[in-house]
Amino acid sequence: MKRFPKQNMILHDKNRNLAFLYNCQNRNDYEMIQVPENFEVKRFSDEELQFQKLWRTFFQTIAIKERTNSRLQMQYMPKKYWKDLIEMQ
């Protein structure tokens with residue numbers, strides 16, 4: 001909250017079905033909630049899709065194809081999490 005005081009946030013822990021909600025309008029307005037088992041994001045906003053596209057472009061631009069090392073990537077981010085990473089989709 002200190003790094004992004006003017007950003008609303010939702011942090012979702014899929015394994016524990018918990019979500020942390022933060023409302024930037026009131027700095028003390030945050031809560032931890034239980035997420036329903038069947039919760040699913042149906043559609044991303046156009047703005048979110050644009051940010052995903054920008055992130056993929058950035059990731060591809062800075063990557064050096066000849067130096068790709070997926071084994072090293074897995075040491076820092078296990079493969080089981082790759083399905084949640086925009087740049088790996």
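Begin with lysine 83, which lies in the segment after α2 (70-76). The structure on screen is a predicted model.

With lysine 83 selected, show the surface. This residue counts as exposed, because its relative accessibility is 60% and the cut-off for exposed is over 50%. The backbone oxygen of lysine 80 is reached by the side chain of lysine 83 at 3.3 Å.

Now move to the sheet. Select β1, β2 and β3: these three strands form an open sheet, ordered β1-β2-β3, with antiparallel pairing. The edges are taken by β1 (9-13) and β3 (30-34); each has a single partner strand, so one side of each is left without a neighbour in the sheet. Viewed from one strand to the next, the twist averages 15°.

How many bridges join β1 to β2? There are five, and β2 covers residues 18-22, running antiparallel to β1.

The last stop is the loop between β1 and β2, where asparagine 17 is found. Check its backbone: asparagine 17 has a positive phi of about 55°, although it is not a glycine. Is asparagine 17 buried or exposed? It counts as buried, because its relative accessibility is 14% and the cut-off for buried is under 20%.

Methods. Residues numbered from 1 in each chain as written. Predicted model: local features only at pLDDT ≥ 70, side-chain atom pairs only at ≥ 80, totals over all residues. Heavy atoms only, no water. Pairing = 2+ DSSP bridges. Helix = DSSP H or I, 4+ residues; strand = E, 2+ residues; numbered from the N terminus. Axes fitted to C-alpha atoms, helices over the stretch in contact; angles between N-to-C directions. Buried < 20%, exposed > 50% of the residue type's maximum accessible area, 1.4 Å probe, protein only. Polar contact = N/O pair within 3.5 Å; in protein donor to acceptor, adjacent residues only side chain to side chain.
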